[in-house]
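Try each task yourself before reading the solution.

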Amino acid sequence: MGKTPVIGLLGGGQLGRMLCEAAGPLGYDIAVLDEAGCPAKQINANDKHVTGSFKDAAKVRELASRCDVLTVEIEHVNTEVLEEIATKGVRTHSGELRKVPVHPSWRTLRLVQDKFAQKEHFHAAGVPIAPQMALGDGELLPQSLKEAYQKFGFPFMIKARKGSYDGRGNFKVNGPEDFEEVVKALGKLPLYAEKWVPFAMELAVMVIRTEDDAGNCTGVYSYPTVETVHEDDVCKTVLMPPRKVDGAVCAQAQNVAQEVIKSLWGRGVFAVEMFLLQDGTIMVNEVAPRPHNSGHYTIEAVPYLSQYKAQLHAIMDIVPGNMQLVPRCSQAIMLNILGGAAPESHDKLVRLTETEYIRGTDVYLHLYGKASKPGRKIGHITFTTPSADVDLEATIAPFVNEVDLMRKQRLSASSAQLRPTVAPEANRKTSSRDPTAPLVVVTMGSDSDLSVLTAGLDILEKFEVPYDCTITSAHRTPARMTELANAAAARGIKVLIAAAGGAAHLPGMLASETTVPVIGVPVKATHLDGNDSLLSIVQMPRGIPVATVGINNSTNAALLAVRMLGSHYPEYREKMAQYMESMKVEVEGKAAKLEEVGYQAYLADKAKK
């Protein structure tokens, strides 16, 4: 190791990127473990990075062998290997077994990974939390839900103990009619129930924690209390100071946050998310052991020690004692930028930051170097003003309006049917059918199967895949079938989709005559509900594989074909990624609407369509 300390970072997303931006001027080297081209590596070129998953134990050891200390961008990491590195050591390239400190401690990371255990720990430390109870799993879950109702009444919250974020893994139970949906949606996860606590506002406080080499806490220092405003379970804005909250409540939130962080282990920056209740008291929701969305504003509001500089200084144990984290401005608002319906949806918002001059207000744009996808955090804007008299919310209204428009377009796009519809002939684009140079050939044993294949053909049209469509019977036209199979590879065909009912020999016979992958679509015939077709195709002898989808499910056959093409052609891989994202956004849009209007209004609206 040289004189310059090397900090190893697990995760290279936007938080890692901003940490690297802070590290450069301070002279710290940061080695990042994440995929090549991740946001943090884009602006931090060195030969110490490791490419791979930050959950891969071998990769974490490789990173540790190059570093003086390890830290994390995200808490969902392999704490077992971090414990091993910190307590037993890791082999360096010279063969030396060397312990590498981990900050925050692996103990803290392990605790906060389990949200139920995290809150039980805080409760034991005298920190106010919502009443909660662990739930049984599997067959015990329905009875546990009844017990939760008896304890908390309706409504109450069901939350996943591990892996949830941004509202994912949460379910509000309004009545016994929701029990079955809870089991369907979350029944395979370890869960806990939490009493529903109506709150007036969500608050957050960033806290710096220092400790000595023996693990004793030597200081906690809190940034100002901020208000966080969420939309669709994702943070939309962060406001400093909170609106219509007096200084005593803000100070109370800081004190509670400090008590929470004192109970943990390791050095670094921590986010404490809290609820301000109707009676003016504070209740802790959860902790993030790292820089956080609610602390982005500190880059400009507290520039001498932003949350990212603080993370670096705390890890290296150079935080001065008795520190006062006083903002340089009277007000600050951070506005998140989420990807819109189209990759370029945020362009107008970016142009506003370049062209909209606001007297008395500074505007700071941060883009994360991430591809824009619907609902994905791709950047943020921070607004600051030295004046306490400026109505900063009203001042930045053009920017918020643009964010709201992006959301509206995103939700509108997500609610469209995923299965493509055939446009009227006058407006329809030229078909992607290309008998001369198809990449996919769709064939069927009888024209009666065409109605089943229509959905799959629509998918090929949607993805603009050159295809051909024909009829080939394994029994009535065996020579035609053999000719199609034998010529497929030479014609440049990459995938064959074959639909058949009854004995359903067509897919298997094609596969026996060609090296091209074959996808079989079982067709529901008059008898046996298509099970005969399914078993005929799926039970191929060893050596002659046929990929088989569900009965009448030509949609999946076509989507599988597109995925196969993605192995050869990047454009289809990208289109598939966009399609998968659109499915996710559609579900999230429906979930947001359901949670907003309730199940009765949701079903009534659905019945009208």
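**Exercise 1.** Find the residue in strand 9 that is the bridge partner of Phe-156, then work out the sheet around it.

*Solution.* Start with the pair: Phe-156 is bridged to Val-173 of strand 9. A quick note on the model: it's predicted, so local features need pLDDT of at least 70 and side-chain atom pairs pLDDT 80 or more, while totals for chains, interfaces and linings use all residues. Residues are numbered from 1 along each chain as its sequence is written, and side-chain values use heavy atoms, leaving out hydrogens and water.

Next, strand 8 (residues 156-160) pairs with strand 9 in the antiparallel sense over four bridges. (Pairing takes at least two DSSP bridges; strands are DSSP E runs of at least two residues, helices H or I runs of at least four, numbered from the N terminus.)

Now zoom out: four strands make an open antiparallel sheet, ordered 7-10-8-9. Strand 7 (132-134) and strand 9 (170-173) are the edges with a single partner strand each, so one side of each has no neighbour in the sheet.

**Exercise 2.** Describe how helix 1 and helix 11 pack.

*Solution.* First, get the geometry: helix 1 (residues 14-26) meets helix 11 (residues 307-315) at about 70°, with axes 9 Å apart. (Axes are lines fitted to C-alpha atoms, for helices over the stretch in contact; angles run from 0 to 180 degrees between N-to-C directions.)

Then classify it: the two helices are therefore roughly perpendicular, the label for 65 to 115 degrees, with under 35 roughly parallel, over 145 roughly antiparallel and the rest oblique.

Finally, list who touches (heavy atoms within 4.5 Å): the contact includes Leu-15 and Met-18 of helix 1 and Tyr-308 and Leu-312 of helix 11.
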